[in-house]
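Visitor: Before we look at anything, could you set out the terms you use, so that I can follow how each label is reached?
Guide: Gladly; here is the model, and the terms come along as we need them.

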Amino acid sequence: MWYKKSFDMETAYGNVVEINNALKHIDESLKKYDRYDGPEKMTYDDLDNVIYRAEKIALTCRAALEYKEKTMGVFDKKEEKKYSENLPVSVNFNDGILEIRTPFTFKRMYREGSAKENYILMNYVRAALIEWQEKNDTDLFQIIKPPFDVYIIRRKMKWNSLQICDHDNLENGRIINEIFMALGYSDNARNVDLHCQFRLADKEEDEGMLFIVKSRNGVTAN
């Protein structure tokens, strides 16, 4: 299928009817609330449902845009830049340290029959890693040498024990897999020491997830 050439989604919405049905599910989650309520008034499950379906719609449409661009040449450089800037993930590599910033990750494993599909933030990580390498003419493959230290840092302006319960998050594991696929190494326990942390952010734009990968011995490719 065309969408597997882009974000490698397990399944995507295949037609307008499926996208519209997803929008109806989102509407069902939203219409429980007053239309002037802020999203913070919504339950965790309702927010999770909206995120899941909205992200899947976005990924489906992004994949279709990329397919049109590659097969029909319909976008100019301005449109390509707009597409890139909308990715919710940023990548930076400096002094042998790889940093990936993403929105907050959430536990979504419970949704029946969709263990892989629920973790779609990893698709944005994959796209951002590919884009960074192309823009910087730099191949991340084995650019850092094992063993590795990996830091997963959740950053918020304030501590909330109801929102930040623990560090156990399977979505983070999916993202780590994507990072190590780009680095060309296994993320098994012999190669990687994993450090999970919470830190207070100084400003709102610093809120979110920060994934840091570096060589434990400070060794990078020559």
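Guide: Helices (H or I, at least four residues) and strands (E, at least two) are DSSP runs, numbered from the N terminus; D137, for instance, lies in the loop between helix 4 and strand 3. This is a predicted model, in which local features need pLDDT of at least 70 and side-chain atom pairs count only at pLDDT 80 or more, while totals for chains, interfaces and linings use all residues. Residues are numbered from 1 along each chain as its sequence is written, and side-chain values use heavy atoms, with hydrogens and water left out.

Visitor: Why is D137 called exposed?
Guide: Exposed means over 50% relative accessible area, buried under 20%, and partly exposed in between (1.4 Å probe, protein chains only); D137 has 73%, and therefore counts as exposed. D137 also has a positive phi of about 50° although it is not a glycine.

Visitor: What makes D95 exposed?
Guide: The relative accessibility of D95 is 73%, so D95 counts as exposed. D95 lies in the loop between strand 1 (90-94) and strand 2 (97-102), and its phi, near 55°, is a positive value in a residue other than glycine.

Visitor: Why is helix 4 called roughly parallel to helix 5?
Guide: Helix 4 (residues 121-136) and helix 5 (residues 170-183) pack at an angle of about 20°, with their axes 9 Å apart. That angle makes the two helices roughly parallel, since angles under 35 degrees count as roughly parallel, over 145 as roughly antiparallel, 65 to 115 as roughly perpendicular and the rest as oblique. Axes are lines fitted to C-alpha atoms, for helices over the stretch in contact, and angles run from 0 to 180 degrees between N-to-C directions.

Visitor: Which residues of helix 4 and helix 5 meet?
Guide: With contact taken as heavy atoms within 4.5 Å, L121, M122, V125, R126 and L129 in helix 4 meet E171, R174, I175, E178, I179 and A182 in helix 5.

Visitor: How do you know that strand 3 is largely enclosed?
Guide: In strand 3 (residues 148-156), 9 of the 9 residues are buried, so the strand is largely enclosed by the rest of the structure. F148, V150, I152, R154 and K156 point one way, D149, Y151, I153 and R155 the other way.

Visitor: What makes strand 3 and strand 4 a pair?
Guide: Two strands pair if DSSP finds at least two bridges between them, and 9 bridges join strand 3 to strand 4 (residues 192-200), which run parallel. Strand 3 and strand 5 (residues 208-215) pair in the antiparallel sense over 8 bridges.
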